[in-house]
Amino acid sequence: MTDLEKARKAINEIDVEIAALFERRMDAAKLVASHKKKFGLPIFDEAREKEICNKELEYIKNPDYKTYYLEMIHSIMDISKKYQSVLVSGSRVAYCGIEGAFANIAAKRIFPNGNMVAFSSFEKAYKAVELGDCDFAVLPIENSFAGDVTKVFDLMYSGSLFVNGIYNLHICQTLLGVKGAKISDVKTVVSHEQAIEQCGEYIQNHGFEVQIAVNTAMAARNVAQMGDVSVAAIGSKESAELYGLEVLEENINQNDLNTTKFAVLSRVYDDSADVSAADGFLLMFTVNNAPGALAKAIKIIGDNGFNLKSLRSRPVKNVPWKYYFYVEGEGALSSQKGDALVNGLKEQCEEVKLLGHFKNLEI
C-alpha cells in the first residue's frame, strides 16, 4: 500500500468517526434549541461563541493547524445555529403596536424566525402569553431618555410572567411626511407620547403642534392615509418603507444615545445553570409599613454581596399608600449568597417576586 493509499484509508476511517461525532453534536444542539425556545433566548450568543472558540484552540497542539481548526469550528457553529433556527421557528411573539413600531422591530430582531402577533395594548400582549395564546411577549421597560414604562412594570408586578432576557434597541426617531412634502410644509407632528418627549427640542425649535398616537407606527399609517403635507409622523425608517412615506429628516431625537430596553417575558422561569453567567437579576418586593423597613430590605441585598443597580417604587393598584419596589441587581442569584438574599427578603418583606435573570444584549 502506497503512502497515498494509507492516507486516504486513514481519512476514510476518521470521516466515519467525524460523522458519528457530528450527529452527537447536532443532537446536543437540538437540546440547546429546545431550551432557547422554551425561555425565549437568542440563537446567537456572541460572548459564548468567543469563549468556546478560545477554549477549543487550546486542544490543538500543532500551531500550523490552529487557524484551520478555528475556521472549522466557526463553520460547525454556523451549521448548528441554522439548525437551531429551524427548530425554534414558529414561536408566537406578542408585542404592542403594528408593523413598523419599535416594539415590532425589536421582536423581529430577537426572534427572526418567530411569528409576530400584534396587540393594541401592553396588557393584551402580556395576557396573551399568560393565557398560552402566544409563547413570548416583547415589551419595553425603560427608555434612556424618557424613563420607565410604568404600565409594563405594573403588569410584571401583578402578573405571572418571568423575564428571561433584556435587549437594548438604539432608537432613531425620524420625521416622516407624505410624498412631495418638505419640512417647511409641516405644521403638526403625530406620534407616541414618548417619541414626542424624546424629540421635544426639535419640535419646539420648529414650532410644530403635537398630536398623540397610540404608537409610532400607527402615527405613520394615519399620516399616510391623511395625505396632508402639513402633517408628519415621528417614527422609524421602517415605517416610512411600510406606509409609503418619505424621510424628511433623520435622528431628530435630541439624545444620540437614545436606547430602549425591551424585556422578553414568558410563562416559565429559567432556573438552568446558565443563569450563573447572567449580567443581572430582577425582583420585586413590598415592605411592611414600619420604620426602616425599606432600608433593612436594601441592606439585605448589600450584606449578601450584591450590587444594587436600580431601585424604583410604584404604587400598588387599589391599595392606597402602598408601594412595590422594582430592583435590578448585578450578577446571578444561583448561589448560597443568592439564596440567602431571597430568603432574607422573604423574612423582611410582605411579598417577594423573583422576575428572572438576564443578559444585557444589543439588537
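**Entry 1: helix H9 and its surroundings**

I began with the buried residues of H9 and found that they pack against H4, strand S6 (174-177), strand S7 (188-191), helix H7 (193-198), strand S9 (231-235) and helix H10 (237-243). For my own reference, a contact means heavy atoms within 4.5 Å, while helices (H or I, at least four residues) and strands (E, at least two) are DSSP runs numbered from the N terminus. I am reading a predicted model, in which local features need pLDDT of at least 70 and side-chain atom pairs count only at pLDDT 80 or more, whereas totals for chains, interfaces and linings use all residues. Residues are numbered from 1 along each chain as its sequence is written, and side-chain values use heavy atoms, with hydrogens and water left out.

Which residues of H9 (residues 216-226) are buried? I noted Thr216, Ala217, Ala219, Ala220 and Val223, where buried means under 20% relative accessible area, exposed means over 50% and partly exposed lies in between (1.4 Å probe, protein chains only). Seen down the axis of H9, these buried residues fall within an arc of 155°, so they line one face of the helix; the arc is taken from the directions from the helix axis to the C-beta atoms.

I then looked at the two ends of H9. At its start, a side-chain oxygen of Asn215 comes to within 3.2 Å of the backbone nitrogen of Ala217. After H9 comes Gly227, which has a positive phi, near 65°.

**Entry 2**

I traced an open sheet of five strands in the order S8-S7-S9-S6-S10, with mixed pairing; two strands pair if DSSP finds at least two bridges between them. Strand S8 (209-212) and strand S10 (246-249) stand at the edges with a single partner strand each, so one side of each has no neighbour in the sheet. Direction ignored, neighbouring strands of this sheet are turned by 35° against each other on average.

Inside the sheet, S6 and S9 pair in the antiparallel sense over three bridges, and Thr174 has Gly235 in S9 as its bridge partner. H9 packs on this sheet by touching S6, S7 and S9, and its direction makes about 155° with that of S9. Here axes are lines fitted to C-alpha atoms, for helices over the stretch in contact, and angles run from 0 to 180 degrees between N-to-C directions.

**Entry 3: strand S11 and its partners**

I moved on to strand S11 (residues 259-266), which is mostly covered, since seven of its eight residues are buried. S3 and S11 run antiparallel and are joined by six bridges, with Leu265 of S11 as the bridge partner of Ala137. Strand S5 (residues 162-170) also pairs with S11 in the antiparallel sense, over eight bridges, and Phe162 has Ser266 of S11 as its bridge partner.

**Entry 4: aromatic pairs**

How many aromatic pairs does a search of the whole structure find? It finds six, counting rings of Phe, Tyr and Trp (its six-membered ring) whose centres lie within 6.5 Å, with planes under 30 degrees apart called stacked, over 60 edge-to-face and the rest tilted.

One of them is the stacked pair of Phe111 and Phe136, at 5.0 Å centre to centre and 15° between the planes. Phe111 lies in the loop between helix H4 (102-110) and strand S2 (115-119), and Phe136 in strand S3 (residues 136-143), so the pair ties together parts that are 25 residues apart in sequence. Phe111 is buried at a relative accessible area of 6%, and Phe136 is buried at 1%.

Tyr157 and Tyr324 form another stacked aromatic pair, at 4.2 Å centre to centre and 5° between the planes. This pair links distant parts of the chain, with Tyr157 in helix H6 (residues 150-158) and Tyr324 in strand S14 (residues 323-330), 167 residues apart. Tyr157 counts as buried at 18% relative accessibility, and Tyr324 counts as buried at 1%.

**Entry 5: one more residue, and the whole chain**

Leaving aside neighbours within four places in sequence, Gln194 is in contact with Asn143, Ala146, Gly147, Asp148 and Val149.

Finally, I recorded that the protein chain has twelve helices and 16 strands, and that 44% of its 363 residues count as buried.

Key. A polar contact is a pair of N or O atoms within 3.5 Å; within protein, one must be able to donate a hydrogen and the other to accept it, and residues adjacent in sequence count only if both atoms are side-chain atoms.
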